[in-house]
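The dialogue takes each topic in turn.

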Amino acid sequence: MFDSLYSDQPTVRLIKDYGWRYIIVTKDNNHSSLIESVNELDRQGKVAREHKTKKDSGYRHWYRFVNDILLNKSKPIERVNVFHFTGTNKRDKRSSWSWTTDIHLTNRTVEHNMRGVRYRWTLKTRRSTP
């Protein structure tokens, strides 16, 4: 798991050269070309979606994801998979995150990947809190 600063062609290439897998945070303001490409595919109906509501807690989760998309249109070298998560709690407080990965995404795996990344972030946050 990497911060959004590392979601670029050289870093992805280096990760692949080492044979590693990756999930990298992707922020709209840092990755406008990638997000623009996802949005265009979404308008064409080529982006998969998943929605889940937790009946016991009232939490709602929305996922959208696409596989095999160019990381950067101006340097068409690396192809990646992108997934986006939006969640609300009982009070309708909304949170959103996006990631780039080399892991193939499906309706069955997208939630699992999101939970893994979010769990890691929770552990990191707990360790850094005095």
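What follows is a tutorial dialogue on reading these features.

Q: On what basis are the values computed?
A: This is a predicted model, in which local features need pLDDT of at least 70 and side-chain atom pairs count only at pLDDT 80 or more, while totals for chains, interfaces and linings use all residues. Residues are numbered from 1 along each chain as its sequence is written, and side-chain values use heavy atoms, with hydrogens and water left out.

Q: How many helices and strands are there in the protein chain, and what pattern does the chain follow?
A: Helices (H or I, at least four residues) and strands (E, at least two) are DSSP runs, numbered from the N terminus. The protein chain has three helices and five strands, and along the sequence the pattern reads α-β-α-β-β-β-β-α.

Q: What share of the residues count as buried?
A: Buried means under 20% relative accessible area, exposed over 50%, and partly exposed in between (1.4 Å probe, protein chains only). Of the 130 residues of the protein chain, 35% count as buried. In helix α1 (residues 9–17), the buried residues are Gln9, Thr11, Val12 and Ile15.

Q: Against which element do the buried residues of α1 pack?
A: Contact means heavy atoms within 4.5 Å. The buried residues of α1 pack against β1 (23–25). Val25 belongs to strand β1 and counts as buried because its relative accessibility is 18%. The C-alpha atoms of Val25 and Trp99 are separated by 4.4 Å, although these residues are 74 residues apart along the chain. For the protein chain, 47% of the contacts with a separation of 6 or more come from residues 24 or more positions apart.

Q: Is Glu78 buried or exposed, and which residues does Glu78 touch?
A: Glu78 lies in the loop between β3 and β4, and counts as buried because its relative accessibility is 2%. Not counting residues up to four places away in sequence, Glu78 touches Gln9, Val12, Arg13, Lys16, Ile69, Leu70 and Leu71. From C-alpha to C-alpha, Glu78 and Pro10 are 9.3 Å apart in space and 68 residues apart in sequence.

Q: With which residues is Asn113 in contact?
A: Asn113 lies in helix α3 (residues 110–128) and, at 10% relative accessibility, counts as buried. Leaving aside neighbours within four places in sequence, Asn113 is in contact with Ile23, Phe83, Ile103 and Leu105.

Q: How many aromatic pairs does the count come to?
A: Rings of Phe, Tyr and Trp (its six-membered ring) pair if their centres lie within 6.5 Å; planes under 30 degrees apart count as stacked, over 60 as edge-to-face and the rest as tilted. By this rule there are four aromatic pairs. One of them is the stacked pair of Phe85 and Trp97, with 5.6 Å centre to centre and 10° between the planes. Phe85 lies in strand β4 (residues 79–88) and Trp97 in strand β5 (residues 94–101), so the pair ties together parts that are twelve residues apart in sequence. Phe85 counts as buried at 5% relative accessibility, whereas Trp97 is partly exposed with a relative accessible area of 27%. Tyr63, Phe85 and Trp97 form one aromatic cluster.

Q: Which residue lies over the face of Trp62?
A: A charge sits over a ring if NZ of Lys or CZ of Arg is within 6 Å of the ring centre and within 35 degrees of the ring normal. Arg94 lies over the face of Trp62, at 5.1 Å from the ring centre.

Q: What volume does the largest cavity have, and which residues line it?
A: Rolling a probe the size of a water molecule over the atoms shows where empty space is left. On a 1 Å grid over the protein atoms alone, a cavity is a set of points where a 1.4 Å probe fits but cannot get out, and lining residues have an atom within 4 Å of a point. The structure holds one cavity of 30 Å³ or more, and the largest cavity has a volume of about 50 Å³. Its lining consists of Ile35, Val38, Val47, Arg64, Phe65, Val66, Val82, Phe83, His84 and Ser98. At least two lining residues come from each of α2 (32–43), β3 (60–70) and β4.

Q: Which residues have a positive phi although they are not glycine?
A: Most residues other than glycine have a negative phi. Asp68, with a positive phi of about 60°, is found in strand β3 and is partly exposed, with a relative accessible area of 48%. Asp92 has a positive phi of about 65° and is found in the loop between β4 and β5.

Definitions and conventions: On a 1 Å grid over the protein atoms alone, a cavity is a set of points where a 1.4 Å probe fits but cannot get out, and a pocket is an open set with protein on both sides within 12 Å along at least five of seven lines; lining residues have an atom within 4 Å of a point. Grid points are joined across faces, edges and corners, and a volume is the space filled by probe spheres set on the points.
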